[in-house]
Amino acid sequence: MLCGLGCQLESQWKESVNCYPDISAIVATVANTATTATIATAATSNTVYGAIDAAIEKLKLHLSLDKSSVGGRLQLADCLQQKGLYRAALSTINDAVHIKPNDEMIYIQRAKLYSHLDQDRRALNDLNFALLLNPNSFSALQSRAHLHIALKNIDLALLDMEKMEALIPNHAETLMLKGALLFEEKKWPKAYKIYKKVLALEPHNAEAIVKLALIKIEFKIIGIGFVIHKIEMLYAMCKW
């Protein structure tokens, strides 16, 4: 990382020599780049350690020095969202859209904010647009699948999950999401197949084991005692 920053500064130094006859202007340009990079890095560290307020202040300072920073705005919006300041986060994201209107990640993040503000239709529009920009965006498909589930668009949610599976086969998180939806819809045979796939990938996945046992009860394959035994075994494994 330090090497990358050093190479970046060296490159900008050479460009500055050609642009500015005044050596003081060159020094100011390079120093400003180093300062904004340092502030952004420090803000990220503060976020990791839970010091959200400090991160917000550092990111605001970073943006005052680099007004075109989309990454800084996305980080700031994330920090504001963590504090529950959804409208302030949305305003920050809207600024990022104006700077870089063809970045699908901005629309994915804004969709999450719209959902927090109970503006699900706007969230869906943003996710649809993100997928127009990048039809293979796993993050956009995943967010849209969750939103379709919330909106009770079951068939559309399952369709997005099929696309996710095509992009990343045997992805346990996707399979668990699909299994939970099929289970809730009482589509037992399909849910059964999904949970069997999960257990082939993660043999000790507690939720998959219990759901599989409950499905077997529905088909009268096993009794409730077997499920209780499985749960007790899982509890013992976790305790150990």
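**Close-up 1. Thr 174 lies in helix H10 (residues 172-184).** Helices (H or I, at least four residues) are DSSP runs numbered from the N terminus. The model is predicted: local features need pLDDT of at least 70, side-chain atom pairs count only at pLDDT 80 or more, and totals for chains, interfaces and linings use all residues. Residues are numbered from 1 along each chain as its sequence is written, and side-chain values use heavy atoms, with hydrogens and water left out. Thr 174 is buried, with a relative accessible area of 1% (buried means under 20% relative accessible area, with a 1.4 Å probe and protein chains only). Not counting residues up to four places away in sequence, Thr 174 touches Phe 138, Met 161, Met 164 and Glu 165; contact means heavy atoms within 4.5 Å.

**Close-up 2. Met 161 and the largest nonpolar core.** This core has 54 residues, and those with the most contacts inside it are Ile 93, Ile 106, Met 161 and Tyr 195. A nonpolar core is a set of buried Ala, Val, Leu, Ile, Met, Phe, Trp, Tyr and Cys residues joined through side-chain atoms within 4.5 Å. Neighbours within four places in sequence aside, Met 161 is in contact with Ala 145, Ile 149, Thr 174, Leu 177, Lys 178 and Leu 181.

**Close-up 3. Helix H6 (residues 104-116) and what covers it.** The 13 residues of H6 reach 19 Å from first C-alpha to last, close to the 18 Å expected at 1.5 Å a residue; the expected span is 1.5 Å times one less than the number of residues. At the start of H6, a side-chain oxygen of Asp 103 comes to within 3.0 Å of the backbone nitrogen of Met 105. Buried residues of H6 include Glu 104, Ile 106, Tyr 107, Arg 110 and Tyr 114. Their cover includes helices H4 (70-82), H5 (86-99), H7 (120-133) and H8 (138-150). Just after H6, Asp 118 has a positive phi of about 60 degrees.

**Close-up 4. Leu 63 in helix H3 (residues 52-65).** H3 has 14 residues and reaches 20 Å between its first and last C-alpha, close to the 20 Å expected. Ile 52, Ala 55, Ile 56, Leu 59, His 62 and Leu 63 are buried in H3. These residues cover an arc of only 125 degrees around the axis, which puts them on the same side of H3; the arc is that of the directions from the helix axis to the C-beta atoms. Leu 63 has a relative accessible area of 11%. Residues up to four places away in sequence not counted, Leu 63 touches Ser 69, Gly 72, Arg 73 and Leu 76. The C-alpha atoms of Leu 63 and Arg 73, ten residues apart along the chain, are separated by 7.5 Å.

Notes:
Helix = DSSP H or I, 4+ residues; strand = E, 2+ residues; numbered from the N terminus. Buried < 20%, exposed > 50% of the residue type's maximum accessible area, 1.4 Å probe, protein only. Polar contact = N/O pair within 3.5 Å; in protein donor to acceptor, adjacent residues only side chain to side chain.
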